[in-house]
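User: I am new to this structure. Please show me how to read it, one feature after another.

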Amino acid sequence: MTKKEINIVKACSKNINQFVKYVKILGPEGFAEFRPYQYQVKLLRKFVHSWENRRTEKHNHIVVGPRQSGKTTALAVYALWYLLFNSDKCIGLLGYKDSISKEILLRIKEIYNYLPDFLKQEVVRNTKDHFRLANGSYIFTASMCARSVRGKTVDLLLFDEAAFTRDSDFEEFILSVFPTQAARPDAQMIMISTPHGNNQFYEIYKRAVSGNSSFIATRLRYDCVPGRDEEFKEKMIRDNGRAFFEQEYNASFLISKEIPSDEKIIIKVNTNPLSPAEAKGFIEKLKELYSKKLDIKTIKNKTEYEIEYV
Ligand SMILES: Nc1ncnc2c1ncn2[C@@H]1O[C@H](COP(=O)(O)OP(=O)(O)OP(=O)(O)O)[C@@H](O)[C@H]1O
Ligand SMILES: [Mg+2]
């Protein structure tokens with residue numbers, strides 16, 4: 001390594017946004033220089049700052065943001081920076097499905113491959129769910145299930161699209177992994193997602209916003225991506241409705257649906273895959289969603305329930 005390269009490595013280790021200058025990501029014309037959006041610069045800085053000041057500051061993060069806004073890219077860049085510049089660390093990548101976390105690992109490896117040689121290290125292990133460097137740090141992937149993480153000492157736990165986790169999986173995670181992981185002073189947890197209604201993810205977000213947890217909440221709005229301006233917003237609302245825009249592109253949690261009191265709604269339920277108990281559970285869930293003001297009047301046939309707002 002030349003002296004200049006040594007200095008660059010030092011600068012990158014101290015400042016993630018220096019490192020970002022050497023990152024390439026896959027764009028419409030192949031791998032090209034990553035020019036982070038302003039929010040990505042800030043978010044990466046925030047992740048690093050809170051990690052470096054973990055003894056005195058909150059350092060877990062929950063981030064909600066719009067679709068296709070570069071959330072996973074930011075997470076992948078942070079994971080790679082952390083991997084390269086911290087020794088003997090374990091990084092867990094969680095997804096609500098196995099394939100999600102594996103795909104992120106693939107993206108991390110691609111970014112790694114396109115780094116200049118002087119920023120790379122010897123790769124000690126490289127499988128589709130494990131990536132280990134000579135500095136002793138490694139990334140492993142896991143599906144969103146507590147079993148895959150429980151008992152492991154994970155220094156950095158990254159959880160992409162967390163809001164899409166099944167309630168039962170999330171509950172298991174909350175019961176067994178979440179409290180110990182969130183409370184470890186030397187570990188960092190980052191959850192990032194597009195919102196997905198009223199669920200466990202929303203509960204964690206709500207507590208973070210109220211300041212009553214170890215998480216820092218960040219909400220990215222529709223205009224965090226250059227080009228998504230007022231005109232984009234209006235077009236989205238025109239084409240897809242406000243609710244869609246708010247949830248998918250403005251990171252709003254849609255908590256309840258307003259139904260005019262005189263409106264009768266017919267909900268078709270395909271009961272074929274449902275046992276009677278499951279069908280009952282489904283109706284109960286609906287009641288919960290509509291503030292228990294629903295009355296099941298008739299079951300018209302085996303696949304159609306008539307439900308009335310009372
Ligand atoms: N700063 C950037 N400049 C240009 N393109 C970017 C930037 N950040 C991300 N992208 C590209 O935008 C696309 C979406 O990025 P990414 O998958 O990270 O977004 P996301 O918010 O995780 O999307 P999704 O909601 O589908 O999970 C990708 O093709 C990615 O390469
Ligand atoms: Mg993503």
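**Reading the fold**

Analyst: Start with burial. In the protein chain, 31% of the 310 residues are buried. Keep in mind that this is a predicted model.

User: How many helices and strands does the protein chain have?

Analyst: The count is 11 helices and 13 strands. Next, look at contacts along the sequence. Take the contacts between residues at least 6 apart in sequence: 72% of them join residues at least 24 apart.

User: Is strand 8 mostly covered or uncovered?

Analyst: To read a strand, check each of its faces. Strand 8 (residues 156–160) is mostly covered, with 5 of its 5 residues buried. Leu156, Leu158 and Asp160 point one way, while Leu157 and Phe159 point the other way. All of these are buried.

User: Which strands does strand 8 pair with?

Analyst: Count the bridges on each side. Strand 4 (residues 90–95) runs parallel to strand 8 and is joined to it by 4 bridges. Strand 9 (residues 188–193) is also parallel to strand 8, through 5 bridges. Phe159 shows both links: it is the bridge partner of Leu94, and its own partner in strand 9 is Met191. Then step on to strand 3 (residues 60–64), which pairs with strand 9 in the parallel sense over 4 bridges. There Ile62 stands opposite Met191.

User: Which residues come nearest to ligand 1?

Analyst: For a ligand, list its shell. Ligand 1 has 15 residues around it, and Arg67, Gly70, Lys71, Thr72 and Thr73 come nearest. Strand 1 (24–27) and helix 4 (71–85) are the elements that give two or more residues to this shell. By class, the shell has 4 nonpolar, 8 polar and 3 charged residues.

User: At what angle do helix 9 and helix 10 pack?

Analyst: For a helix pair, compare the axes. Helix 9 (residues 230–240) and helix 10 (residues 242–249) pack at about 125°, with axes 7 Å apart. Therefore helix 9 is oblique to helix 10. At this contact, Lys233, Met236, Ile237 and Asn240 of helix 9 meet Arg242, Phe244, Phe245 and Tyr249 of helix 10. The contact has 5 nonpolar, 1 polar and 2 charged residues.

User: Which residue other than glycine has a positive phi near 55°?

Analyst: Asp88 has that value. Asp88 lies in the loop between helix 4 and strand 4. Ala251 is another case: it is not a glycine, yet its phi is positive, about 50°. The place of Ala251 is the loop between helix 10 and strand 11 (264–268).

User: Is Asp88 buried or exposed, and what about Ala251?

Analyst: Count the other C-beta atoms within 10 Å. Asp88 has 9, so Asp88 is exposed; the cut-off for exposed is 12 or fewer. Ala251 has 24, so Ala251 is buried; the cut-off for buried is 20 or more.

Terms used:
Residues are numbered from 1 along each chain as its sequence is written. Chains are lettered from A and ligands numbered from 1 in the order in which they are written. This is a predicted model: local features need pLDDT of at least 70, side-chain atom pairs count only at pLDDT 80 or more; totals for chains, interfaces and linings use all residues. Two residues are in contact if their C-beta atoms, placed from the backbone, lie within 7 Å. A residue is near a molecule or strand if its C-beta atom, placed from the backbone, lies within 6 Å of it. Ala, Val, Leu, Ile, Met, Phe, Trp, Tyr, Cys and Pro count as nonpolar, Asp, Glu, Lys and Arg as charged, and the others, Gly among them, as polar. Axes are lines fitted to C-alpha atoms, for helices over the stretch in contact, and angles run from 0 to 180 degrees between N-to-C directions. Angles under 35 degrees count as roughly parallel, over 145 as roughly antiparallel, 65 to 115 as roughly perpendicular and the rest as oblique. Two strands pair if DSSP finds at least two bridges between them.
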